[in-house]
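Please keep the sequence and the model in view while reading.

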Protein chains: 4
Amino acid sequence: MAAKRHTEQGVERKRQLLDCAAELFSTRGYADTRIADICAAAGVAKGLFYWYFENKEVLFAELVTSMRHRLRKAQADAMDPTADALTRLRQGTEASVQFMARHAGYFALLEVESHDRPVLVGQGADVHTEDSTRLVKEAMAEGLIPDGRDPELLALGVIGAVAHFGHIQRTGRVAMDIDDLAAFVGTWVVGALTGVR
Amino acid sequence: MAAKRHTEQGVERKRQLLDCAAELFSTRGYADTRIADICAAAGVAKGLFYWYFENKEVLFAELVTSMRHRLRKAQADAMDPTADALTRLRQGTEASVQFMARHAGYFALLEVESHDRPVLVGQGADVHTEDSTRLVKEAMAEGLIPDGRDPELLALGVIGAVAHFGHIQRTGRVAMDIDDLAAFVGTWVVGALTGVR
Amino acid sequence: MAAKRHTEQGVERKRQLLDCAAELFSTRGYADTRIADICAAAGVAKGLFYWYFENKEVLFAELVTSMRHRLRKAQADAMDPTADALTRLRQGTEASVQFMARHAGYFALLEVESHDRPVLVGQGADVHTEDSTRLVKEAMAEGLIPDGRDPELLALGVIGAVAHFGHIQRTGRVAMDIDDLAAFVGTWVVGALTGVR
Amino acid sequence: MAAKRHTEQGVERKRQLLDCAAELFSTRGYADTRIADICAAAGVAKGLFYWYFENKEVLFAELVTSMRHRLRKAQADAMDPTADALTRLRQGTEASVQFMARHAGYFALLEVESHDRPVLVGQGADVHTEDSTRLVKEAMAEGLIPDGRDPELLALGVIGAVAHFGHIQRTGRVAMDIDDLAAFVGTWVVGALTGVR
DNA sequence: TATGAATGAGTCTTCATTCAT
DNA sequence: AATGAATGAAGACTCATTCAT
């Protein structure tokens, strides 16, 4: 637990391992990525891995955590604090899609293994859900989203849509400019939130 | 390659292994399910597994395929052939959510492995995409969905939404009657498809 | 042990298994030939194997024995009883080479696994050695082969040469008419037996 | 592919495994030697085997190759460069018999597997054949071996004789001083090469 | 820090053999 | 006679993790 002190070079080496791991995890999945692979990719001996990480799981956790922080930051930065809630939802959504596209490797991670590691992956996700739920409620209060549906469920829908389209983009199943896709998803989400027939 | 000839008893035993595997896979994931576990669950010797399947992967493939067929059937059955395309999309969506709830185990499975085994899981998914894309196009032609967006991308969005809410339901993050959820998803999807602001 | 009574069809079936086994053994070796392979080649179910043979080893033994009998017969037939011993040695040698060429598959068997199954393979070989040793002694007595060398060792040399050239022929390392090869080996052996410098 | 870097200790350990394997292979045969046995004999854990070898087959190949080099060296050392070709053939033959006696274990090995793994065992053998063929041709040119027979076939005969008598010696079927046996084989081979009647 | 060596529990897979029908 | 099903002991191979240097 006690965060190790690393020299400058050590920090660099650790980052290197993290990056290689992210790349490999997102390419072949957690289970199919061996520690030996990670080390080989980083060009270091297998034993060194354990100098920087307690074990595989811990490395994975670090990866997930760091990515989540960055995503949240990206979302916050994209939202115009003076805009209405629905607009901010759309802005956050678009920012997320772009962020996911930009960090494709990192993001695949979230999808990967979310089943096997529910606590780890789930716990941070709650923060997201709360963020979004708050915005949905606000938008409802402002009358921008019709009442009657569960705000949390709607928020989950938003998050899911972002993740899904991010996945599609990542796996290359759609050849579309990233800005266009972001706009598309924004529209999709807003439509889903508002369009009750 | 040459499909083995199985007696009635053999077919039964195979089904049994398939079922046990599905149960275990969905409970603890593909990687954490040992062939020995599957056999133990079925109450047969380890070696017998290989009488019916080349290996774990092949068993998994059979599982995926069979499930896909059933889902498609459920969707088709739920659609009123005389209704308009958008309605049919909504019906198919609702039926899918319900089907997924009913076969939660099977679907958790798909989800878990969709990353590690993209080819396997993805290949048959195209059929679904095509089905939906066709309906979206029809609905566009009928003027029920505004023009201008890529029908296939919209179809992928529908499928994603179904999968995502199915996942939410499965993981118990929402305490809602399944019929209500299905209706919710139907509405969500229709909103997303039609509500362009 | 008690030889089973087989119907006419049964005898045929057994022969069939024997033949397939011989072919497979000589192609891929004893260890790499599975009972399942033999049955598949014969087009029967695996279980049937044990109706005809106690086990793999017994089948192998039957094969070896039958082949040895036939070889001995071929040698005897080739020898002119009125000829001198050296001539008969040459005749036997030539007949052996031809026999081995004709029954390539069977013969590979002898080489195969002679290490793992020394008793089985060795015991019959002694008969051969005795046959040949007798002839060598006779030839020595007749003054056709110089004295001074161990007759049994010479006999073993003859047998070895036959086996070796048979092997070469079988493995296709020499493109030569079989009669020519037989003559070559006959000459080779006679030279080795007589030519002391 | 990329040959692993080994420390001095590592090289030593590898050699140790190689030696243990050779011993076991020649005692009980390739198929009946388990990797676990090899490791047990070397007093190391099972897993370590795979640090040094990809698998059993590769270890075997290394064994074969190294042995072949040594044999060739022994032959070359035994030949008097000023002697005529036939003499050199005889010298090489005698050296081979002695070498094989000295490394009986290694050679039993070769023999056992020459059938199951013809490619592996056979491929390097060509070098030997070429060596001998060259000498035979030379001897023919010098008029020491009568013309008319295929030099390569004769060379193969020489090699076969050496192998065969080596085998006999190894299996203890002849109680003879090794020097005497070597001389015997030398004579046998020279007789076979020269004595055309 | 860094390396290469070493461990060993865990899994898959094979296959001769037996069984029920 | 014949089949397909079933068994289970082996054995190969993997890989996270630890160790000595």
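## A residue in a helix of chain D

Glu57(D) lies in helix H4 of chain D, where helices (H or I, at least four residues) and strands (E, at least two) are DSSP runs numbered from the N terminus. The model is predicted, and local features need pLDDT of at least 70, side-chain atom pairs count only at pLDDT 80 or more, while totals for chains, interfaces and linings use all residues. Residues are numbered from 1 along each chain as its sequence is written, and chains are lettered from A and ligands numbered from 1 in the order in which they are written.

With 13 other C-beta atoms within 10 Å, Glu57(D) is partly exposed; a residue is buried if 20 or more other C-beta atoms lie within 10 Å of its own, exposed if 12 or fewer, and partly exposed in between, with C-beta atoms placed from the backbone. Tyr30(D) is 27 residues away from Glu57(D) along the chain, and their C-alpha atoms are separated by 9.4 Å. In the helix that holds Glu57(D), the buried residues include Leu59(D), Phe60(D), Leu63(D), Val64(D) and Met67(D).

## Helix lengths

| Helix | Number of residues | First to last C-alpha | Expected span |
|---|---|---|---|
| H4(D), residues 56-78 | 23 residues | 33 Å | 33 Å |
| H9(D), residues 178-194 | 17 residues | 24 Å | 24 Å |

H8(B) is mostly covered, with 15 of its 20 residues buried, and just after H8(B) the residue Gly172(B) takes a positive phi of about 70 degrees. In H9(D) the buried residues include Leu181(D), Phe184(D), Val185(D), Trp188(D) and Val189(D). The buried residues of H9(D) pack against helix H8 (151-170) and helix H9 (178-194) of chain C, together with helix H5 (85-102) and H8 of chain D.

Arg102(D) lies in helix H5 of chain D and counts as partly exposed, with 13 C-beta neighbours inside 10 Å; the C-alpha atoms of Arg102(D) and Ile178(D) are separated by 9.4 Å, although the two residues are 76 residues apart along the chain. Gly160(D) has its place in helix H8 (residues 151-170) of chain D and is partly exposed, with 19 other C-beta atoms within 10 Å. Leaving aside its neighbours within four places in sequence, Gly160(D) is in contact with Ala161(C) and His164(C), where contact requires that the C-beta atoms of two residues, placed from the backbone, lie within 7 Å.

## Chain A and two of its helices

Chain A has 9 helices and 0 strands, and buried residues make up 37% of its 197 residues. Of the contacts in chain A with a separation of 6 or more, 64% are between residues 24 or more positions apart.

The axes of H1(A) and helix H4 (residues 56-78) of chain A come within 10 Å and cross at roughly 90 degrees, axes being lines fitted to C-alpha atoms, for helices over the stretch in contact, with angles running from 0 to 180 degrees between N-to-C directions. That makes H1(A) roughly perpendicular to H4(A), a term for angles of 65 to 115 degrees. Leu18(A), Ala21(A) and Ala22(A) in H1(A) meet Leu59(A), Glu62(A) and Leu63(A) in H4(A). By class, this contact has 5 nonpolar, no polar and 1 charged residues; Ala, Val, Leu, Ile, Met, Phe, Trp, Tyr, Cys and Pro count as nonpolar, Asp, Glu, Lys and Arg as charged, and the others, Gly among them, as polar.

## The surfaces near the DNA strands

The residues of the surface near DNA strand E divide into 14 nonpolar, 14 polar and 12 charged.

Around DNA strand F there are 39 residues, of which Gly10(B), Gly47(B), Thr7(C), Gly10(C) and Gly47(C) come nearest. Two or more residues of the surface near DNA strand F come from each of helix H2 (35-42) of chain A, helix H1 (8-28) of chain B, helix H1 (8-28) of chain C and helix H2 (35-42) of chain D. The residues of this surface divide into 14 nonpolar, 14 polar and 11 charged.

Note on methods. The expected span of a helix is 1.5 Å times one less than its number of residues. Angles under 35 degrees count as roughly parallel, over 145 as roughly antiparallel, 65 to 115 as roughly perpendicular and the rest as oblique. A residue is near a molecule or strand if its C-beta atom, placed from the backbone, lies within 6 Å of it.
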